[in-house]
Amino acid sequence: MISQCQNLNKTIQRLSLSSNIFKLQYFSTTAPIPKVTNKKLKVTIKNKDKLDIPSNNFVNNKDNNINGPSLKINYVGGGELENNSTSPSPAQSSSTSPQSTTTTTFKNNNNNNNNNNNNNNNNNNNNNNNNNNNNNNNNNNNNFSNSSNENNSSTFVSSHYKVNEESMLSYLDRKKLVYKIIGKQIIVKECPLCHDTKGKFDNFWKLYISRETAAFFCHRCGCKGSWIDLKVNLGDLSLDHSNHNSIIKSPTTTTTTTTTTTANKTSTHEESTISIADLKKMLNYSNELNNHQDVIKKLTGKEKGERGLSKEVLEFYKVGVTSQQFFFNDEWQEHKCITFPWTTLDKKGNIQVHRCKLRSTKEKSLQRIEPKGGKWGFFGWHTVPSDAKEIILTEGEYDAMAVYQETAIPTISLPNGANSLPIALLPLLERFEKIYLWMDDDVPGMEGAAKFSEKLGIQRTFIVSTKQNDPNGPKDANDALLAGKDLKAILSTAANIPHDQICDFSDVRSIIHNELKDPLSVIGKQSKWFPSFNKILKGHRKGELTIFSGPTGIGKTSVLSQLSLDFCSQGTRTLWGSFELKVPRLARKMLSQFSNRNLDKHVENYQEIADNFSNIPMYFLRFFGSTQVDKVIDAMEYAVYVQDVEHIVLDNLQFMLGAQAKGIERFEIMDDSIEKLRKFASQKNVHITLVIHPRKQDIDQVLNINDIFGTAKATQEADNVIILQNSKNNQRYLDIKKNRFSGDLGIIPLSFEKETNRFSESNEFDNNNLNSNNNLNNNNLNNNLNSNNNNNNNNNNNNNNNNNNIN
């Protein structure tokens with residue numbers, strides 16, 4: 001029962017009647033709100049005796065039974081309708097622009113003559129008012145279902161995405177917003193995006209938030225969008241690349257990404273530096289395949305190391321051949337590469353290639369995405385029919401072709417494997433009713449499947465288990481093809497992720513067996529620069545909280561910077577938040593460590609170093625100094641959703657909390673912050689490294705767990721506790737004080753190279769310099785020292801390979 005404005009394409013939501021003048025407010029589902037949104041509209045009755053407006057559109061129904069063909073409206077105070085690029089109204093999208101006029105006509109299809117019902121309508125007035133929320137509630141599903149699709153935010157959120165209701169209510173509590181829960185919606189008393197309600201009851205309870213998707217819609221001001229959009233418009237996230245941006249990417253000179261945020265919309269523009277020559281070259285890769293019979297044999301054969309794919313499928317997916325140079329074994333080498341194009345279709349149905357993944361035919365680890373810059377894409381997207389309702393996403397290109405070959409169901413490959421699913425690709429998948437995730441049946445693959453299914457929508461996403469509970473079964477779809485398995489039968493067993501709080505033994509049986517059979521799959525990412533780190537802590541694992549401490553000025557930030565670079569260079573997507581150092585200073589330190597050079601002496605190499613650094617998935621928080629932990633968590637949540645961040649470093653807790661409280665209240669805030677960070681690490685399956693300074697101690701005193709500032713909650717919640725110590729002769733070492741995973745403790749002696757800001761493991765350390773508190777760890781120390789020589793010799797080679805092979 002909502003009237004439609006034909007000329008301006010506006011939808012009228014509420015009408016209030018006063019004598020012969022209607023005052024109304026409106027919202028738009030297809031056009032931006034004009035600049036004069038917050039003004040009243042005056043409606044003049046034309047042919048009053050023949051005017052009809054449905055009664056449930058009125059707040060005051062004194063004269064609601066008026067029949068007639070139309071209403072004529074104009075803005076009180078005049079003024080033309082203007083484009084809202086600077087409007088304070090958030091989260092609107094537009095496919096048509098409003099006409100520049102101040103009057104229009106609202107047609108109404110009802111022509112009933114009910115002039116004798118005034119008394120009855122007056123008696124029902126209170127009922128109509130009380131049911132206003134229910135009427136709005138009936139129309140909410142349509143508003144919510146379209147909000148994500150229509151929103152022009154740079155942060156696309158699928159309409160199938162489910163947000164944790166507990167976190168939603170916690171956020172509303174933090175913003176001191178009064179709300180109630182009715183059915184599938186959370187209804188907020190006063191919309192913080194609206195103009196002043198003036199205390200009128202009729203202006204309350206208009207902001208609806210879906211309990212499932214967290215999409216919001218205000219029936220008073222018309223604001224709508226995703227949960228992230230709401231946080232942006234309330235000032236808790238900033239997505240523009242200004243000095244107040246919450247999250248920024250490491251600097252790059254190959255791709256320029258600019259994000260512009262107005263009050264009503266956010267848009268991202270990715271300027272590609274890909275030349276026409278590059279595009280033509282990539283189109284010709286597939287034509288080269290027939291000229292390389294060795295590659296065809298490798299792809300179509302069924303012997304060990306071959307793929308078992310048909311020639312027709314290879315041609316269908318436009319697989320090609322080219323050559324590329326890689327830095328490998330301390331030298332540049334020319335490698336023949338198989339090419340996997342990221343494709344789209346133009347309006348005429350012609351295949352367009354905008355980027356290619358190149359994989360060496362000799363060395364599996366050597367791969368690259370060319371050319372640098374440009375947008376993300378799917379391998380095989382051109383093969384998907386426009387009317388397809390279901391699709392299969394695989395971790396690798398060979399898997400995609402194997403699945404399509406056996407099932408004939410549209411199948412594409414993820415651009416980053418199990419590492420990430422770029423949100424730029426989510427709109428392409430929005431139309432599908434069912435999505436199968438066919439990842440590798442190992443720990444990283446299943447973790448990626450769980451993470452991506454949340455982005456895509458758990459209800460429509462089905463996870464495929466290739467091994468079918470057989471511990472010795474094939475790991476991926478291509479292995480299953482070569483093993484002669486029935487891929488259609490495997491696909492038919494796909495299922496949704498079960499409820500995260502309920503499971504039985506069958507859900508963990510295969511997980512335990514995989515851990516026993518392949519311990520390396522669960523111990524975490526291995527450090528290449530600190531081999532003893534692997535011996536004691538076993539690895540760097542997701543879902544854990546590490547507390548890192550040490551005296552002031554000892555080098556905590558430098559050590560953590562290097563450790564995070566170590567893992568990030570291996571593909572661990574990392575978010576750094578330094579509340580003590582501003583981003584340029586921290587990034588400069590990282591550049592020096594990453595390149596193993598003194599930047600002051602290699603200014604001429606800066607662009608090359610910056611280019612290599614920009615290829616690793618390192619992101620930074622712009623927060624500096626005292627910041628509320630909830631705002632930090634908002635930014636962390638955004639980074640996990642958008643960038644698939646897996647490791648978050650916060651340096652340090654004292655600077656972050658600043659002077660937000662004093663006395664006993666300060667300890668309470670610290671405990672609350674640690675509890676929230678612990679919960680975030682577990683729920684989002686990310687590793688959080690939190691720096692906490694120790695209490696003031698004598699400079700020569702060795703620190704213990706009890707010396708870490710605050711209550712015992714920090715070290716109790718932590719999975720790992722690491723303290724950077726000073727020995728009697730002023731040599732620094734890492735002291736592992738807690739290790740929940742394996743229980744192993746020990747120390748790692750360090751030496752420091754001031755020229756490059758790098759630490760390395762030391763092969764010389766005098767045990768007599770240790771405080772008695774560390775005597776129990778001496779055996780571990782001796783073992784670590786004996787193993788350092790061989791491991792340290794490989795660090796430079798690994799670093800060089802990482803710089804050249806990571807996109």
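Begin by selecting the five strands β7, β8, β9, β10 and β11, which form an open sheet in the order β7-β8-β9-β10-β11 with antiparallel pairing; strands here are DSSP E runs of at least two residues, helices are H or I runs of at least four, and both are numbered from the N terminus, while two strands pair if DSSP finds at least two bridges between them. The edges of this sheet are β7 (179-182) and β11 (224-225), each of which pairs on one side only. Zoom in on β11 and its partner β10 (residues 216-218): two bridges join these antiparallel strands, and Phe216 stands opposite Gly225 in β11.

Before moving on, note that this is a predicted model, in which local features need pLDDT of at least 70 and side-chain atom pairs count only at pLDDT 80 or more, whereas totals for chains, interfaces and linings use all residues. Residues are numbered from 1 along each chain as its sequence is written, and side-chain values use heavy atoms, with hydrogens and water left out.

**The whole chain**

Of its 807 residues, 53% count as buried, where buried means under 20% relative accessible area, exposed over 50% and partly exposed in between, with a 1.4 Å probe and protein chains only. Taking contacts (heavy atoms within 4.5 Å) between residues at least 6 apart in sequence, 66% join residues at least 24 apart.

**Salt bridges**

How many salt bridges does a search of the whole structure find? The search finds 30, counting a side-chain nitrogen of Lys or Arg within 4 Å of a carboxyl oxygen of Asp or Glu. Select Asp634 and Arg174, whose side chains meet in a salt bridge at 2.9 Å, N to O. Asp634 lies in helix α20 (residues 629-643) and Arg174 in helix α5 (residues 165-174), so the pair ties together parts that are 460 residues apart in sequence. Asp634 counts as buried, at 3% relative accessibility.

Then go to Lys542 and Glu646, which form a salt bridge of 3.3 Å, N to O. This pair links distant parts of the chain, with Lys542 in the loop between α16 (531-537) and β23 (545-549) and Glu646 in the loop between α20 and β26 (647-651), 104 residues apart. Lys542 is partly exposed at 29% relative accessibility, whereas Glu646 is buried at 9%.

A further stop is Lys297 with Glu306, where the N to O distance of the salt bridge is 2.6 Å; Lys297 is partly exposed at 44% relative accessibility, and Glu306 is buried at 13%.

**Aromatic rings**

Finally, colour the aromatic residues, among which the structure holds 17 pairs; rings of Phe, Tyr and Trp (its six-membered ring) pair if their centres lie within 6.5 Å, and planes under 30 degrees apart count as stacked, over 60 as edge-to-face and the rest as tilted. The rings of Phe533 and Phe567 have centres 5.8 Å apart and planes at 55°, so this pair is tilted. Phe533 belongs to helix α16 and Phe567 to helix α17 (residues 556-568), 34 residues apart, and both are buried, Phe533 with a relative accessible area of 6% and Phe567 at 1% relative accessibility.

Select Phe316, Tyr317, Phe340, Phe379, Tyr398 and Tyr404 to see a cluster linked by ring pairs. The last stop is Tyr641, where the charged end of Lys455 sits over the ring, 5.5 Å from its centre.

Notes:
Lys NZ or Arg CZ within 6 Å of the ring centre and 35° of its normal.
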